[in-house]
Amino acid sequence: MSKMNMEDGLNLTLGLPGRDESDCFKNNKRSQPETNDESSGTTENKEADMETAPATKSQVVGWPPVRNYRRNIVQKESGMYVKVSMDGAPYLRKIDLKVYKGYPDLLKALENMFKLTIGVYSERDGYKGSDFAPAYEDKDGDLMLVGDVPWEMFIVSCKRMRIMKGSEAKGLGYNV
Amino acid sequence: MTSSFPEEVLEHVLSFLTSQTDRNAVSLVCKTWYETDRWCRNRIFVGNCYAVNPRILIRRFPDVKSIELKGKPHFADFNLVPEGWGGYVYPWVVELARAYPSLEEIRLKRMVVTDESLEMVAKSFNNFKVLVLSSCEGFSTDGLAAIAANCRNLRVLDLRECEVEDLSGHWLSHFPDSFTSLESLNMACLVSEVSFSALERLVARSPNLKTLKLNRTVPLEKLSTLLKRAPQLVDFGTGAYSAEFRPDVYSSLAGVFSACKNLKSLSGFWDVTPAYLPVINNVCSQLTSLNLSYATTQSPDLTKIVSQCCNLQRLVVLDYIEDTGLNTVSLSCKDLRELVVFPSDPFIGDVDVQLTEHGLVAVSEGCSKLHSILYFCRQMSNSALIQISKNCPNLTCFRLCIIEPRAPDYQTLEPLDTGFGSIVQNCQHLTRLSMSGLLTDRVFEYIGTYAKNLDMLSIAFAGDSDLGLHYVLSGCDRLRKLEIRDCPFGDKALLANASKLERMRSLWMSSCLVSFGACKLLGRKMPGLNVEVIDERENVNSIPEYAPVEKVYIYRTVSGQRFDAPDFVRIMGKDKDAVYNLS
């Protein structure tokens, strides 16, 4: 049978029903390898797709074809979520410490989240020069300054965080 | 030709034919054979509960002892069938209760079973023996309590992967003290803790108990107590298999396992503590079936176990076993018939687990009796598939899931057409095939040409055009179940092969290119088919005729359209008020 032609104006596209053509390229459907230019063309496609692949994978309903009760077999350590309170703020936030690569990353995230500046840490002076100082409660229940211990030690010992106002940190030799 | 054969003789001969296919063939020979079959057929199998209805069934078969019904399409397992689609067993139970008071066995798959239905079953059939519910939902432990309390002669209560509203474990305590006929109990899918003493007493007074599959809440420390009561077990599923290592618990468990001389099948092993795995060492050589697919432990632990299972026929395991473990399987499990490898982390792109096509190739090389494969992996090549096809010409079931949709041959970056083509060419007994990876219309040409015994085909993210679908529908003579998702197949192939659809059980197509218009046309032209458009979009009534539907499910039926469908299911092309009577 000869190849069927779609020439009767049925405007059919490869995307999901209801979408227009431009959406086709936004969803993560891999385009087919070009027959003339296989090696470079497909590698490029593969690389471009790889960047978006992890996020989109979980959005495809029912794929891979694994039944619901098989999806959570592996008891992964769920993220290291800790509550973060800020003095004067009505409600707390929650962050996943596992997501950050280190202290600078974490502090930047806190600055963004709470719309404030924390400043630079020093072992001698803590967060001297800023209005806020990040503190945390460790396993023993003690209130500690963020940054004193190595990052790896911090993320396993931190139970919750508290962004303190500079004026609260008087006892630590903190001068506003 | 008038038969001079006395009916009793014919009936006696037919009683040796147990397979549905044979019985169906027999009933087509002549009127006498049809009549004889219908009077003495007492095991009924209904592959699609909407293909027929209770009234038709009861009219044809007056004496039924055992019935099996299947409801939702297979893709319901992967959340592709919306909640409320259908598959209700209640209307069936009402009619069965009225017509067959001596019904003994009910087996249901992918059906909605309510507590009301279970209560009706419990009260209507006083010789009820077997209840098997596979992938069913809609009931709670209250329904189970009704079964336990009322079915005095119950032998089998088998809940396979059901979604049960687990109110409490108290249901088990409803089995009366006088109840001693239990042969098989599978409660693995239940979540609530049952009373351990009630369970122990039940096991102790069930001398015929052969199958016992516990749920996760039964702790490892209590297993020896149970096994001591049932050393005759053939099929045992543990509960959560984790505990702090204690030598006394270990040796006690090892001792009771050793005493289970008839044990052939093991499963369970949730949250496994590897130190406790070797308790089964002494029974490994007895095992024909081993399900370690919940055992989240590393390859060395798994490998140590399988290396001792020299008589294993069926292995279900996680990809944690890795290629090295599968290599051991290929060397140690020479009688292996079925291999299933599930992914431990299906949604992560990059994993540390070293499970590739090499593991599967190794098993195909070493295990000459291998006939059924379900394999999840992250890379595949045409050359591996070709090797597998040559090593296992007797494959009957080949299901390969490469986790990334449209993944090409990872070595050549070509489509996997030739690999799968080789499978269908070399494996002439193949009845079930699931494909994945990058596939063009060419693979469907191979399938249409060579897969003449194919009964069920599953396709996802594959093909280029309607030609692909056309090859399959026109070429696969024995095809009965076809399920397709996310493929560019549309109206032309479907309409050109409309008559084929009446020779199949069902066709599922979702996220393809089949239009409303084509569905309407098909439904109108083919009275023997129900063409169900399943579409949950809000604006669905204003979508033009030429636009593709979300999902369409087409199945042959002698029952006409159904009236229990929700509003997002439209039975196309049928006059809503007409009642078809094609029987």
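Angles between helices run from 0 to 180 degrees between N-to-C directions, with axes fitted as lines to C-alpha atoms, for helices over the stretch in contact. Under 35 degrees counts as roughly parallel, over 145 as roughly antiparallel, 65 to 115 as roughly perpendicular, and the rest as oblique. Helices (H or I, at least four residues) and strands (E, at least two) are DSSP runs, numbered from the N terminus.

Some ground rules. This is a predicted model, where local features need pLDDT of at least 70 and side-chain atom pairs count only at pLDDT 80 or more, while totals for chains, interfaces and linings use all residues. Residues are numbered from 1 along each chain as its sequence is written, chains are lettered from A and ligands numbered from 1 in the order in which they are written, and side-chain values use heavy atoms, without hydrogens and water.

Chain B first. Take helix H2 (residues 20–27) and helix H3 (residues 31–40) of chain B. Their axes are 7 Å apart, at an angle of about 140 degrees. H2(B) and H3(B) are therefore oblique to each other. Which residues meet? From H2(B) come Arg23(B), Val26(B) and Ser27(B); from H3(B) come Trp33(B), Tyr34(B), Asp37(B) and Cys40(B). Contact means heavy atoms within 4.5 Å. By class, this one has four nonpolar, one polar and two charged residues. For the classes, Ala, Val, Leu, Ile, Met, Phe, Trp, Tyr, Cys and Pro count as nonpolar, Asp, Glu, Lys and Arg as charged, and the others, Gly among them, as polar.

H3(B) also packs with helix H1 (residues 7–14) of chain B. The axes come within 10 Å and cross at roughly 65 degrees. H1(B) brings Glu7(B), Leu10(B), Glu11(B) and Leu14(B), and H3(B) brings Trp33(B), Thr36(B), Asp37(B) and Cys40(B). That contact has four nonpolar, one polar and three charged residues.

Further along, how do helix H12 (residues 299–306) and helix H13 (residues 322–332) of chain B pack? The angle is about 5 degrees, with the axes 9 Å apart. H12(B) and H13(B) are therefore roughly parallel. Here the contact has two nonpolar, six polar and one charged residues.

Now the sheet in chain A. Five strands form an open sheet, in the order E2-E1-E5-E3-E4, with mixed pairing. Two strands pair if DSSP finds at least two bridges between them. Strand E2 (93–96) and strand E4 (143–145) of chain A are at the edges with a single partner strand each, so one side of each has no neighbour in the sheet. The twist averages 35 degrees from one strand to the next. Strands E1 (residues 81–86) and E5 (residues 160–165) of chain A run parallel, joined by four bridges. Ser85(A) stands opposite Arg162(A) in E5(A).

Next, aromatics. The whole structure holds 25 aromatic pairs over all chains. Rings of Phe, Tyr and Trp (its six-membered ring) pair if their centres lie within 6.5 Å; planes under 30 degrees apart are stacked, over 60 edge-to-face, the rest tilted. Phe75(B) and Trp508(B) have ring centres 6.4 Å apart and planes at 80 degrees, so the pair is edge-to-face.

Last, two backbone details. A cis peptide bond joins Trp63(A) and Pro64(A), with omega about -5 degrees. Phe269(B) is not glycine, yet its phi is positive, near 60 degrees.
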